[in-house]
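Biologist: Before we look at anything in detail, I would like to learn how to read the features of a model such as this one. Could you take me through them in turn?

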Amino acid sequence: MDHAQQRRQFLQQLAAASATTMMAGAPRMLAADEGQPIEQPTPTADSCILLWMAGGMAAPDTFDPKKYVPFEVGTPVAKVESTFPSIDTNVDNIKISQGLENIAQTMDRGTLIRSHVLPDLGSILHSRHQYHWHTGYVPPQTVACPHIGAWMAKVLGPLNPVMPAFINIGQRLEGVGEQEELKAFTTAGFFGSEFGPMNLPYPEQAAQSVRPPEGMKADRFANRNKLFRKLIDESPMRDYIGDFQRESQLRSMENAYRLLSAKEREAFDISLEPKESYDKYNTGRFGQGCLLARRLVENGARFVEVTTEYVPFLNWDTHANGFTTLQRMKKEVDGPVAQLIMDLEARGMLDRTLVILASEFSRDMIMEGKPGSNARDQATEAVDVFKEMKHYGQHRHFTGGSCVMMWGGGVRKGMLYGETANERPFVATKDPVSVTDLHATIFNAMGISPKTVFEIERRPFYATEDGKGKPVTEIFGA
């Protein structure tokens, strides 16, 4: 089956799951798992910010540098492991990659996991891996799975009843490649629309999302809101939408309407940020998104995701020109990520805000997938010897070892957890952390047991797959 056929089949399966979900009744939280009461852990964090490096961030060129060999025409590809030299950080035993000098000065505030491992999932499709990472479940499933942000919104509720509990910044869901697959995991799934994300693809335009259209008076806007509610309630599509899902849509509208008249809406307007602070973040949409995330969490947002945006063959999705592309990506993320950590700390918020930097998998110059994989080679510049600069970079998907950085929220400071092999293939060789266990770790920090379970369509559905996630407790504590 070729790539296009696999994508069509995947879309059909996602559509079937969505249709099933729209007709489903209300999920019911179960108080016990296999007869044992579910005990929710004491949270070490109140809010969570996910910094999503969409497209496959190459660990050897970011947080797990290996042997560096500079570009030179005629050099065999197999001799090069990293395309950037390593640099010191403010933690003695941790080195990261050149171009991340600002982040290097925050390493003493968090924990670096170098042993995150991902499955190949057959043919390596970004959409399938991103769905898996964001929901904890390998697609397709029989129902639409909730995003981890939706789990927090549903189980924990909002910190501030006016603020959306789940906000997604930087990802367009229209007009980009694989948009239907992106929509499939950027959702509350069977929890219902009220727990889904508020999507803000352009941070500088976020303020427009929380104010009535220009020139529209309050009474006219109120009437429009009532009419919109009526249209949803009387839509001919209601025969294809269960009562629970329709009521959840209406509640989500009520929540949005309440925000429009609240003082917290100013948090969405990054133009109100002092210029000196704004300029530190303003490296583009991602940097502006980090600033917006800080402002939203300051005002009671529970979960915020900021993405470098997934668009096929752009940003971290380096199938060619890897080195040149990463030079740009590092300039976009290094300053804002570090500034976010320092700002949260200066405001006394870092201890109770869990900040995660992650990606759907790593990359390698030679290997697609991991040892033993039969995934087809997806590099567009498949050469054995460097001839041009476009050949120099990590152009293949690698799932055997990836990096996750975590700051705040109770995680240890200046800790290095896990490791990968020093010679290719760079697979995790110590303390591997699966997606299931990483989710358990995140949920545990937020006060959600990985065994938390809801009944949907007469089947149990857990916060982590089958309730089996084990938190990596070693990374927490003084």
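Modeller: Let us begin with strand pairing: two strands count as paired if DSSP finds at least two bridges between them. The model here is predicted, and in it three bridges join strand E7 (residues 110–116) to E15, the two strands running parallel.

Biologist: Which residue in E15 is the bridge partner of Ile 113?

Modeller: Ile 113 has Tyr 417 as its bridge partner in E15.

Biologist: How many bridges join E7 to strand E14, and do the two run parallel or antiparallel?

Modeller: Five bridges join E7 to strand E14 (residues 402–407), and this pair runs antiparallel. As a general idea to keep in mind when reading a regular strand, the side chains alternate between the two faces of the sheet.

Biologist: What is the strand order of the sheet, and which strands stand at its edges?

Modeller: The sheet is open and has eight strands in the order E9-E8-E10-E4-E11-E14-E7-E15, with mixed pairing. Strand E9 (198–200) and strand E15 (415–417) stand at the edges, and because each has a single partner strand, one side of each is left without a neighbour in the sheet. From one strand to the next the twist averages 15°.

Biologist: How many residues of E7 are buried?

Modeller: Buried means under 20% relative accessible area, and seven of the seven residues of E7 are buried, so this strand is largely enclosed by the rest of the structure.

Biologist: Turning to the helices, which strands does H9 lie across?

Modeller: H9 lies across strand E4 (47–52), strand E8 (166–169), E9, strand E10 (303–307) and strand E11 (353–358), and its direction is at about 175° to E10.

Biologist: And at what angle do H9 and H10 pack?

Modeller: The two helices pack at an angle of about 15°, with their axes 8 Å apart, which makes H9 roughly parallel to H10. The crossing of H9 and H10 is right-handed. On the H9 side, Phe 286, Gly 287, Cys 290 and Arg 294 take part, and they meet residues of H10 that include Val 333, Leu 340 and Asp 343.

Biologist: What other salt bridge does Arg 294 form, and where do its two residues lie?

Modeller: Arg 294 also forms a salt bridge with Glu 298, with 3.0 Å between the closest N and O atoms. Both residues lie in helix H9 (residues 285–298), four residues apart, about one turn of the helix. Arg 294 counts as buried because its relative accessibility is 2%, whereas Glu 298, at 34%, counts as partly exposed.

Biologist: Which residues are linked with Arg 294 in a network of salt bridges?

Modeller: The network links Glu 273, Arg 294, Arg 295, Glu 298, Asp 343 and Arg 347. The structure as a whole holds 25 salt bridges.

Biologist: With which residue does Arg 396 form a salt bridge?

Modeller: Arg 396 forms a salt bridge with Asp 377, and their closest N and O atoms are 2.9 Å apart. Arg 396 lies in strand E13 (residues 396–398) and Asp 377 in the loop between strand E12 (362–364) and E13, so the pair ties together parts that are 19 residues apart in sequence. Arg 396 is buried, with a relative accessible area of 9%, whereas Asp 377 is partly exposed at 38%.

Biologist: Finally, where does Leu 159 lie, and with which residues is Leu 159 in contact, leaving aside its neighbours within four places in sequence?

Modeller: Leu 159 lies in the loop between helix H4 (148–156) and E8, and counts as partly exposed at 41% relative accessibility. Leaving aside neighbours within four places in sequence, Leu 159 is in contact with Asp 46, Ser 47, Gly 300, Ala 301 and Arg 302. The C-alpha atoms of Leu 159 and Asn 299 are separated by 8.8 Å, although these residues are 140 residues apart along the chain.

How values were computed
Residues numbered from 1 in each chain as written. Predicted model: local features only at pLDDT ≥ 70, side-chain atom pairs only at ≥ 80, totals over all residues. Heavy atoms only, no water. Salt bridge = Lys/Arg side-chain N within 4 Å of Asp/Glu carboxyl O. Buried < 20%, exposed > 50% of the residue type's maximum accessible area, 1.4 Å probe, protein only. Axes fitted to C-alpha atoms, helices over the stretch in contact; angles between N-to-C directions. Contact = heavy atoms within 4.5 Å. Parallel < 35°, antiparallel > 145°, perpendicular 65-115°, else oblique. Left-handed = near helix turned anticlockwise from the far one by under 90°.
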